[in-house]
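Dear colleague,

I am handing over the structure we spoke about, and below it you will find notes on what turned up when I went through it. Please read them with the structure open beside you.

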Amino acid sequence: DPAVDYTATSTAITVTNAAFYQLAVTGQPDGAAVNRTAESSIEVTAQDRDGNTVPTFTGSVSLSLVKQGVGGTYAATGDATISAASPTLVDGVFTWSNYTITGKVGSYKIVATYTDTAPDPAVDYTATSTAITVTNAAFYQLAVTDRKSTRLNSSHRCISYAVFCLK
């Protein structure tokens, strides 16, 4: 019957985010130069089981490195370390804008790890970036490190310099 209203109104319902379940690297870093502040940032997002961002997440996340080894597998080797200031955390997304990699050049992945007490010990609360190449910094100047003057005879003097490249 077109004259009958077939709608109904429910009582108020509240929609909330699902609980934190995993981390995801959502902003991949570019390569970096050893001992230099990287020019790219890293973003890690707290997500629920369905991959939705959990904007209320307030946990702690740390960064570490794994290096590519024989056969292409990645493992923690101690060949390099990553140091980063505290990230910004906005709506469940961590951002590290300034980080430095110290150690040997090579192919690495950055691993983000949830460092608070795990809600579920059976879940791996880590996320890994795509591979990045860590290189030596580009050459940009020469530095004189030592100057020696040697008298050859009464009218001649030899001056020598030690020079090295700064990166």
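Which residues are linked in a network of salt bridges? They are Lys67, Asp79 and Lys104, where a salt bridge is a side-chain nitrogen of Lys or Arg within 4 Å of a carboxyl oxygen of Asp or Glu.

Before the details, please bear in mind that this is a predicted model, in which local features need pLDDT of at least 70 and side-chain atom pairs count only at pLDDT 80 or more, while totals for chains, interfaces and linings use all residues. Residues are numbered from 1 along each chain as its sequence is written, and side-chain values use heavy atoms, with hydrogens and water left out.

**Salt bridges**

The count comes to 2 salt bridges. In one of them lysine 67 meets aspartate 79, with the closest N and O atoms 3.1 Å apart. Lysine 67 belongs to strand β4 and aspartate 79 to the loop between β5 (74-75) and β6 (80-84), so this pair ties together parts that are 12 residues apart in sequence; helices (H or I, at least four residues) and strands (E, at least two) are DSSP runs, numbered from the N terminus. Lysine 67 is buried, at a relative accessible area of 17%, whereas aspartate 79, at 23%, counts as partly exposed (buried means under 20% relative accessible area, exposed over 50%, partly exposed in between, with a 1.4 Å probe and protein chains only).

Aspartate 79 also forms a salt bridge with lysine 104, at 3.9 Å from N to O. Because lysine 104 lies in the loop between β9 (99-103) and β10, and aspartate 79 in the loop between β5 and β6, the pair ties together parts that are 25 residues apart in sequence. Leaving aside neighbours within four places in sequence, lysine 67 is in contact (heavy atoms within 4.5 Å) with a set of residues including Tyr74, Asp79, Lys104 and Tyr108.

**Aromatic rings**

There are 7 aromatic pairs, counted where rings of Phe, Tyr and Trp (its six-membered ring) have centres within 6.5 Å, with planes under 30 degrees apart taken as stacked, over 60 as edge-to-face and the rest as tilted. Phenylalanine 20 and tyrosine 114 make a tilted pair, 5.0 Å centre to centre and with 50° between the planes. Phenylalanine 20 lies in the segment before β1 (22-27) and tyrosine 114 in strand β10 (residues 106-114), so the pair ties together parts that are 94 residues apart in sequence. Both phenylalanine 20 and tyrosine 114 are buried.

The ring centres of phenylalanine 57 and phenylalanine 94 are 5.9 Å apart and their planes stand at 75°, so that pair is edge-to-face. Phenylalanine 57 sits in the loop between β3 (42-47) and β4 (61-68), and phenylalanine 94 in strand β8 (residues 93-96), 37 residues apart; phenylalanine 57 and phenylalanine 94 are both buried. Ring pairs link Phe20, Phe57, Phe94, Trp96, Tyr114 and Tyr125 into a cluster.

**The sheet**

An open sheet of 4 strands runs in the order β1-β3-β8-β7, with antiparallel pairing, two strands being paired if DSSP finds at least two bridges between them. Its edge strands are β1 and β7 (88-90), each of which pairs on one side only. Between β1 and β3 the antiparallel pairing extends over 5 bridges, and glutamine 22 stands opposite glutamine 47 in β3.

Best wishes
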